[in-house]
Every structure is written in structure tokens, then in C-alpha cells.
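Please study the sequence and the structure before reading each solution.

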Amino acid sequence: MVDDENGLRKARRFQGEYPVVVEGLVNRFGEQVVHDNLSLKVKRGEILGVVGGSGTGKSVLMRSIIGLQIPAEGSIEVFGQSITNAEPDEDIGVRRRWGVLFQGGALFSTLTVGENVEVPLRQFFPEISDELRADIARYKVMLSGLPEDAASKYPSQLSGGMRKRAGLARALALDPEVLFLDEPTAGLDPVGASKIDRLTKELKETLGLTVFLITHDLDTLHAICDRVAVLADKQVIAVGTIPELLATDHPWIQEYFNGPRGRAAQDSSTRRDSIEIDKPRVSGD
Amino acid sequence: MTGLANFAVEHDEQGRGKLSLSGALLVSTVGEIDHGLEAIDVPLVSVDLSQVEEIDTVGAWIVCRLSQRHDVEILGASERAQRLLSAVHGASNDADIKPPVEPLWERVTGFLGTKVTGMGIGLVQVVGFLGQILIGMGNIILHPSRFRGRALVHQLELVGVASLPIIGLMSFLIGIVIAQQGAVQLSQFGAEALTVNLVGRITLRELGVLMTAIMVAGRSGSAFAAQLGTMKLTEEVDAMRTIGISPIEALVIPRILACTFMMILLGFYASVVAIIGGAVVGELSLGIPFFTFLERIKDVVPIYDLWVGLLKAPVFGLIVALAGCYHGMQVKGNSEEVGRRTTMAVVSAIFAVIVLDAFFAVFFTKIGWV
């Protein structure tokens, strides 16, 4: 009976409305309080951008959700499973259902890109044959927009942008339902950054992903985010579409979106919308 | 309700099969049916997906592979399935995911070749590094204002003062061991009294300086390599150059001077502490009073034993500092290199120190300091 239940859970994708629910989160490091009673819900199938000044705890929030940072108080549920009640290394069956892209890519440096993608597959689904696993790794590498020959290269042989893509390929290895991206476009040139943006959107649309995206990149926010959550004053002070956020009168939000850089990004995004070049398209069809 | 992945092949009259897949075709479930699907040996006419309830890219990949292999069309795919199929179809390729492997003979000869050329290049680089240091020294002598006194004092403290406790403890224990073990052997000839000669001469002449050099190599030589290596990686060294500061003058020379000078003091200190260790053993287990032991040292140890130790010390210090700074300045590329170079610095320093010590032993004996 237990086997059956496991089997069923294995075969079902999350159907609820909110795959990630954070409630009353408190994080502190010594005296310093990073989050105070923070609450946030991520909708299924959306790209949620998370913004905030430096040191407002965006990365800490992500680390809390994926169970790397144990919060002082509050509850976090992913796919309806409580992360906060689980032991740090307890397997509650959520790790195989999310993918995480760390800021620097965090690729295993002694493995090739292809082998990096194989690691989660090997870990969670050892019953998959070697041949199929290699096949999966290959097409994930392609799906992330890397050239074919990148699969046999080591991370040190790749450029920063390619390393990000390789990290993305590993994050996508298990066909996750939720993807966590920590500043995917930071440190990339504008062309590379907009390619990553387009890829994220394409993947969301094709694979039906929910994306939790930390960013400083105003262009990314305008181009691909369905909603944006703003972290300030140790809380999420506002969540909504960019027009909704612009309607609020919080000084930081106003400064963020209406500062010179915010204006420029807004302009370029309206320009882009009106011309409609480059409609997102999955390659190969 | 969703079930696990399943498949069925329906044979028609010509012996061809109609494959229908059902249930959930997900990464978590397809592993179990993959072998079965691979084993299908009848030609297929169609692949039916209408019973499939869930699908992800791995499921789509398997379907895509089947349809390509048997060259059949896919029926009853849902909208999601079609989207995924076209996505993975475009991404299919047969690139290698393992690093390219060369044949054994190529690897072995290649390895030897790189080692040999590496040694040649290394030799040239060491000579170049020594040259840079000499030029740096020359510049400092010509322009004494460029000398970094503060950096030197800081290094003197790090190399010398900070290592007093650990070197003291080590030497004390070595003194105890030599006295105790020596006494056991000498007592067989009834010559326990000669323990004083043993401890005094061996620590001042050999062990005090040698063990200190090894300790300094492990403690300061490795630190030099790691510090300079990290500074190279974070482009601090390059930043210095662009401002017009010579890294050799600012970083390397203070370290080399500090290490060379401090080795003299540390070597002497280590010998003294080792003798005290020996005297403690004398007092406690040999019946030689503590101060008598020290008095006897004065009589039985010739003064040139002290010179032997003190002459070797700065040379060893120089070697240790050179190895540390050289390997640190050679770091380039990634953080792994810092670790590798640090190890190399310590190993090559200790090796060079021991080889030189052997030469010194022969040399001092030849000139009559026996």
C-alpha cells in the first residue's frame, strides 16, 4: 500500500495553486535580523521576480525555501510539504522536483558539463539506464542553449555565460516543476543576458515551469516576469505586476522603477513590445 | 487518477506492432519501462499517446527516440506533449559527454613530455625569479626610501614571534626524546653522562636548525605561497603593477628578508629550548642536576657547533622563503592552482633544505669542524 502511494506521488505533478508558500518567516544572524515576519506565495506557472536592495536577504530567502538555511521562525511549504519541519537532510521528496541555479553556476569542477547534468539523474533515479541517462544529459545541454561540443567540456573551459547555461542544464536535469534562479543574468553582457531571459521564458512556456527568479536586472523584470516581489524593511512589501507596483507610493519602489535605469528599461521594453521582433520560439520546430 | 508508466504492443496480421503508451511518462517513472521499450523487436507502425496522462521532457525524449528509430508517426499527443516533443526533437544530438580520452601511449608520452618541458621552463623561471629579486634588492639599495619597513616588521612578527610557541614546544619535546632515548642506549656502556654531549651537539649542530626550517616551511612558506597566490588570482598583484609598485619589492623582498633573519633567531632559540628539554630529562631520570647539565654543555660543546647551526639557518630561511614566494607568484588560473602551488612550495622547500643540510655536513667536516 505504501509502495502504491509512493508510486502515485512519483507520477503526479503538483496541482495546487501555490507550489511555494512562505509564512511568517524570521531569519536572523546573531543580532542582525534579515527577515521579520516575511510572507510570500509563488503561483504555479508564473515567473516571479524577486528584487530588493543589496543586503535585503533575497538570497537568504531562496536558501530558506530550498532548505539550506534553517529559519528562526515561520513556516515554508513547497509542493504542500513543510520544509521547516523536516530535518536538514531528510528526504521529503521535494528535492527531485525543483531545480536550483546558483549565482556562479556551482558546477562540479571535476566533471564535464554532461556529467554534471547526469549527477541528479544518477542520484534520484538510478534505475535509468546509462545510455538513456547520457541521452537525457545531451538534450538538456542543447535545451539550455549550449553548443553540442560543450557537453564534453569541463566548467573551467567555459565562459561565464556558458557556465550559467550549463548550471541551468543541471537545474533542469530532473524536469523540475519549480526552478530557482539566483541572478541568472548578473555579470553577463547585455546580449548574453537577454538570451538567458528569452531561454527562461521559453522553458517556462514549453515545460510549464514555475520560476523563482532573484535579479537586479531591470530589463529581465520587464521582459519576462509575470509578477515582481519587492523585498525591503525585512519583509515583502509588495507583490504584483510592474504597473501595479508603480501605482504604490513606497519610496524605494518608486526610486527603483522610476530611477534613470528603471526608466530606460521600461522604455526599451515598450519598444520591444511594439515591434515584436523575436517572439519566443522553441528552437527546432 | 494517474498511474505509473506502462506500454502495450498490439500485433497486426503482418506482424507489425502498434505501440500504445499509458500512465505517466516522467523522469521518475520511465526508468522502469525503458528496457522493455528497447527490447521491442517488431517493426512498429504507430505510437499512440492518447492514454498518457503526464509527460515531461524525458518522456517526450523516449517517444521521440522511438518514433525516429522506427520512423513512425505519433498519434494522440496532447498539446503539452506536442510542445515537449518539438522541443526535445530540436535538441537531439549525439555529442560526447565524457571528456575526450587519448590512447594510452599518447597519454604516457604526453605526460613525460609535459613533465620534461615543465622542468625546463621551471628552471628558467626560477632563474628569472632570482634575477628579479636581485634587481629588486639593487633598486632598494639605490633608493632606500622604497624599502618597506612596515611590511618587513609585520612579516618578522608573523614568521618569528608568532611561531615561538609551536617551535618552542616542538624543540622541547625533541630535546626530551633525544636525551631519553640517548640515555637508554648509552647506559649499555655505562656512559649516561655522555647524554649531555649528545643533546648539546646534535641540537646546536643539526636538529635545532633543521627542524625549525621544516616547521617554518610548513608554517610560513605555505602561507607565503597561499597569500601571494590568492593575491595573484584576485588581480591585486596586477593592480600594484599598474600603480607602479613592484610586487617583488613590496611583497617578496620583505618576506625573504624576514624569513632569512628570523631563521637565525628561531634556529638558536630551538636549540636552546631543546637543551633545556634534555636538562629536564637529566634532572628527572638520569640524576644529573638541571644546572650541572647546562654547565656541562659549556664544556663539551665546541663553539663551532654553534657557528655551524647559525651559518646554516639563514640559508635555510632563504630557501624556504624563495620557494614559498616563487610558487605563490606562479599561480594563475583558478583556485585549485593555489592549493597545488602551496603544496609544491612546502615539498620543494623541505627537500632543498635536507639536501643542502647533507652538503653542509660534509663541508663542515672537511674544514675540520667535527
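**Exercise 1.** Determine the strand order of the open sheet in chain B and its edge strands.

*Solution.* Step 1: the open sheet has four strands in the order β1-β2-β3-β4 of chain B, with mixed pairing. Strands (E, at least two residues) and helices (H or I, at least four) are DSSP runs, numbered from the N terminus; two strands pair if DSSP finds at least two bridges between them. The model is predicted: local features need pLDDT of at least 70, side-chain atom pairs count only at pLDDT 80 or more, and totals for chains, interfaces and linings use all residues. Residues are numbered from 1 along each chain as its sequence is written, while chains are lettered from A and ligands numbered from 1 in the order in which they are written.

Step 1: β1 (6-11) and β4 (73-75) of chain B each pair on one side only, as edge strands.

**Exercise 2.** In which sense do β2 and β3 of chain B pair?

*Solution.* β2 (residues 17-25) and β3 (residues 44-55) of chain B pair in the parallel sense over eight bridges. Ser20(B) stands opposite Asp48(B) in β3(B).

**Exercise 3.** Describe how α2(B) is placed against α3(B).

*Solution.* Step 1: the axes (lines fitted to C-alpha atoms over the stretch in contact, with angles from 0 to 180 degrees between N-to-C directions) of α2 (residues 57-70) and α3 (residues 79-91) of chain B come within 9 Å and cross at roughly 70°.

Step 1: α2(B) is therefore roughly perpendicular to α3(B), a term for angles of 65 to 115 degrees.

Notes
Parallel < 35°, antiparallel > 145°, perpendicular 65-115°, else oblique.
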